[in-house]
Amino acid sequence: RIFKMIKFGTGGWRAVIGDDFTKENIQRVAAGVLELARKENKTETPIIIGYDRRFLSVDAAKWVAEVLAAGGIKVWFLNRSAPTPLVMHTVKDKGLHYGIEVTASHNPASYNGIKLFTDEGRDADVETTTLLEELIEEIGDVEYTAFDECVKNGMVEYLKNPFNKFIDDIINLIDMTALRERGLRVLFDTMHGSGTYPLQVILYTARCTVDTINLNKDAYFGGDMPAPTEETLNPLKDLVIKGDYDFGIAMDGDGDRLGIIDCTGRYIDA
């Protein structure tokens with residue numbers, strides 16, 4: 001069978017679900033990461049796998065884990081959807097060589113994809129992704145072990161409380177005393193994304209009054225683009241002004257982009 005070339009951009013590999021984002025291609029990408037780790041002699045540490053709230057994300061994450069575990073690499077698997085920065089943070093904090101997030105970030109709901117992170121929690125550079133593309137092209141049959149079996153034999157381990165260190169390290173960078181004294185009223189547009197929980201915890205810890213919109217899990221993102229642009233945040237702008245909030249904040253589908261609406265309705269990008 002002839003496959004299309006899998007190409008990685010600055011935000012990883014993204015493809016239309018059911019077209020190029022298929023189980024076969026996801027397994028091929030996983031097999032490519034496995035060969036990359038072997039080629040770079042970086043198989044001794046686990047690979048953390050996270051996923052956002054898009055359609056097929058958790059399934060795709062399990063398919064990746066099945067291939068890596070069958071190839072002898074331990075997998076740390078998140079037990080709930082999580083933002084991309086959490087995976088990047090864990091790679092750096094735990095001294096891992098690689099991390100993976102299944103997401104298409106701020107792209108339309110018809111897309112999904114895979115982001116790869118390397119040492120220090122960085123986005124994989126062009127040299128790495130070019131090599132990965134070449135390795136994927138050489139992949140033939142892919143070996144994998146059923147996910148539940150990987151959990152039983154210990155090759156896949158669910159991470160316990162993965163958010164704690166991530167949230168604590170963010171809080172340590174913030175003047176929480178000033179925020180608590182200010183008593184902010186915040187409107188949070190979660191955009192149906194995976195960055196919801198950690199930001200809520202941080203805002204509540206800062207004693208903010210927090211109201212939310214678009215909180216439910218919706219693989220179609222309410223029919224809108226899950227991107228916090230000036231255009232997409234017009235509804236948030238209206239609600240911030242009408243509700244007399246101190247500011248509104250929105251995050252994209254995988255929680256690595258944000259936009260702000262100040263109390264006057266002015267849009268502020270990252």
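The legends below describe an overall view and several close-up views of a predicted model.

In this predicted model, local features are given only where pLDDT is at least 70 and side-chain atom pairs count only at pLDDT 80 or more, whereas totals for chains, interfaces and linings use all residues. Residues are numbered from 1 along each chain as its sequence is written, and side-chain values use heavy atoms, with hydrogens and water left out.

View 1. Helices (H or I, at least four residues) and strands (E, at least two) are DSSP runs, numbered from the N terminus. The C-alpha trace spans about 60 × 35 × 35 Å along its principal axes. The radius of gyration of the protein is 19 Å, which agrees with the value near 18 Å that a compact globule of 270 residues would have; this radius is taken over C-alpha atoms, and the globule rule is 2.2 Å times the number of residues to the power 0.38. Buried residues make up 50% of the 270 residues, where buried means under 20% relative accessible area, exposed over 50%, and partly exposed in between (1.4 Å probe, protein chains only). Among contacts between residues at least 6 apart in sequence, 71% join residues at least 24 apart, a contact being heavy atoms within 4.5 Å.

**View 2. Strand 5 (residues 111–118) and its antiparallel partners, among them strand 1 (residues 13–16).** Because 7 of its 8 residues are buried, strand 5 is largely enclosed by the rest of the structure. Two strands pair if DSSP finds at least two bridges between them. Strand 1 is joined to strand 5 by 4 bridges, and Ala15 stands opposite Asn112. Strand 4 (residues 98–102) also pairs with strand 5 in the antiparallel sense, over 4 bridges, with Lys115 in strand 5 as the bridge partner of Glu101. Strand 6 (residues 122–123) pairs with strand 5 over 2 bridges, again in the antiparallel sense, and here Phe117 has Asp123 as its bridge partner. The hairpin of strand 5 and strand 6 has 3 residues between the strands, and in this hairpin Glu120 takes a positive phi near 70°.

**View 3. Strand 11 (residues 258–262), with 4 of its 5 residues buried.** Strand 10 (residues 247–251) runs antiparallel to strand 11 and is joined to it by 5 bridges, while strand 12 (residues 267–269) pairs with strand 11 in the antiparallel sense over 3 bridges. Ile261 of strand 11 stands opposite Gly248, and Ile261 also has Tyr267 in strand 12 as a bridge partner. In the hairpin of strand 10 and strand 11, with 6 residues between the strands, Gly255 takes a positive phi near 70°. In the hairpin of strand 11 and strand 12, with 4 residues between the strands, Gly265 takes a positive phi near 95°.

**View 4. The largest pocket, with a volume of about 460 Å³.** On a 1 Å grid over the protein atoms alone, a pocket is an open set of points with protein on both sides within 12 Å along at least five of seven lines, a cavity is a set of points where a 1.4 Å probe fits but cannot get out, and lining residues have an atom within 4 Å of a point. Grid points are joined across faces, edges and corners, and a volume is the space filled by probe spheres set on the points. The pocket is lined by 22 residues, of which Phe166, Ile170, Leu199, Ile202 and Met251 lie nearest its centre. The elements that give two or more residues to this lining are helix 3 (84–93), helix 6 (163–171), helix 8 (196–205) and strand 10, and helix 8 gives the most, with 4 residues. By class, the lining has 18 nonpolar, 3 polar and 1 charged residues, where Ala, Val, Leu, Ile, Met, Phe, Trp, Tyr, Cys and Pro count as nonpolar, Asp, Glu, Lys and Arg as charged, and the others, Gly among them, as polar.

**View 5. The largest cavity, holding about 60 Å³ of space.** The structure holds 1 cavity of 30 Å³ or more. The residues lining the largest cavity include Phe8, Thr10, Lys115, Leu116, Asp123 and Thr129, and the classes of its lining are 3 nonpolar, 5 polar and 2 charged.

**View 6. Loop residues, including Asn161 between strand 7 (156–158) and helix 6.** Asn161 has a positive phi near 50° in a residue other than glycine, and at 57% relative accessibility Asn161 counts as exposed. Asn214, in the loop between strand 9 (209–213) and helix 9 (234–242), has a positive phi near 55° and is partly exposed, with a relative accessible area of 33%.
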